[in-house]
Amino acid sequence: MITTKPFKSLMGCAALILAAGNVQAAEPAQCKNISIGLMSWTDVIATTAVTRTVLERLGYTSKETIAAQQMIYSGMRNKQVDAFMGHWSPSSNAIVGPFVDKGDVQIMPTPNMADGQMTLAVPTWLADKGLKTFADISRFEDELDGRIYGIDPGTNINKRLQQAISDNRFGLKNFKLIESGEAGMLAAVKRANQRKDAIVFIGWKPHPMNIDMDLTYLTGSDGLMGPEEGKATVWTVTRSGYADECPNAYKLLSNIHFTAEQEAEMMVKLLKRGQPMDVAKTFIDEHPELVKSWLAGVTSFAGDESLSLVMNEAP
């Protein structure tokens with residue numbers, strides 16, 4: 001006699017297998033804690049806070065490792081740092097390049113912000129007086145007190161400007177580069193603008209400086225600031241091997257992107273003394289469709305559906 005029990009058993013096993021196939025496996029335990037490198041740049045503070053908020057709502061834990069770029073990448077080489085949201089290209093290419101060449105870090109295939117700019121800028125009232133191009137700077141040497149205001153020491157854009165001064169490009173041989181952190185440089189710019197004192201400095205988008213002050217970005221850099229007069233993109237960098245070790249977290253990091261306008265929106269709040277994680281939570285709540293796009297192909301740390309967790313909805 002032929003019995004149907006074995007067939008039923010096989011069907012039951014198949015159903016279990018199919019059901020199991022529809023459940024995502026949890027991320028490996030060692031991926032739960034994520035260390036993200038951070039510099040004291042307002043845009044990177046904003047994007048990092050948003051990323052940390054999403055990760056933590058998905059069941060990960062995160063911490064910030066605050067350091068200069070070289071130290072962040074060294075931390076990745078030693079597997080002490082997992083990711084960094086703030087590689088500005090081309091201005092920081094020379095910093096990350098040696099770490100990429102040695103296989104210590106990996107740059108995401110697409111930028112997390114694609115419509116930025118970084119080059120020299122002046123208040124528009126100074127541009128109206130004739131300082132509109134790099135070649136014009138030397139004509140205003142006395143008014144500028146022979147100074148060009150840069151950003152953090154060691155950044156590639158500072159190195160380019162110093163080399164231009166050393167090579168007397170654009171007649172800059174008598175100028176001095178004043179290196180400073182973002183806050184110090186902006187304080188000097190705001191003070192000079194209020195007093196109508198001439199000043200030339202490194203400006204960039206996104207940044208609330210473009211909202212707070214009427215600025216003009218200089219043209220005629222002749223490639224010194226990179227292509228298209230300082231066109232800039234910002235990229236996420238991870239330590240080598242992270243994509244294979246922690247594929248779900250890596251997928252999320254690769255999906256997260258912003259526009260310059262969106263970042264500026266958060267930066268205005270930060271510069272008004274908003275707390276980064278509070279600003280990040282508000283941004284997430286106000287941009288549900290954007291966040292939904294980030295979660296494509298992403299689960300929680302435990303392997304569960306992600307959207308309801310991130311948007312604080314009931315599963």
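Start by selecting Ser-300, which sits in the loop between helix 14 and helix 15 (307-310); helices here are DSSP runs of H or I with at least four residues, strands are E runs of at least two, and both are numbered from the N terminus. Ser-300 is buried, at a relative accessible area of 3% (buried means under 20%, exposed over 50%, partly exposed in between, using a 1.4 Å probe and protein chains only). Show its surroundings and, setting aside neighbours within four places in sequence, you will find Leu-58, Asn-248, Ser-306 and Leu-309 in contact with Ser-300 (contact means heavy atoms within 4.5 Å).

A word on what is on your screen: this is a predicted model, in which local features need pLDDT of at least 70 and side-chain atom pairs count only at pLDDT 80 or more, while totals for chains, interfaces and linings use all residues. Residues are numbered from 1 along each chain as its sequence is written, and side-chain values use heavy atoms, with hydrogens and water left out.

Next, pick Cys-31 and Cys-246, whose sulfur atoms lie 2.1 Å apart in a disulfide (a pair of cysteine sulfur atoms within 2.5 Å). The pair ties together distant parts of the chain, 215 residues apart: Cys-31 is in the loop between helix 1 (5-21) and strand 1 (33-38), and Cys-246 in the loop between helix 10 (242-245) and helix 11 (247-255). The link is left-handed, with -85° about the S-S bond. Both cysteines are buried, and a search of the whole structure finds one disulfide.

Now colour helix 12 (residues 260-271), whose twelve residues reach 16 Å from first C-alpha to last, close to the 16 Å expected (1.5 Å times one less than the number of residues). Its buried residues are Ala-260, Gln-262, Glu-263, Ala-264, Met-266, Met-267 and Leu-270.

Leu-120 stands opposite Ile-202 in strand 8. Strand 8 (residues 201-205) is mostly covered, with four of its five residues buried.

Finish at Thr-124 in helix 5 (residues 124-128). Thr-124 is buried, with a relative accessible area of 14%. Its side chain makes a polar contact of 2.9 Å with the side chain of Thr-216 (a pair of N or O atoms within 3.5 Å; within protein, one must be able to donate a hydrogen and the other to accept it, and residues adjacent in sequence count only if both atoms are side-chain atoms).

How values were computed
Two strands pair if DSSP finds at least two bridges between them.
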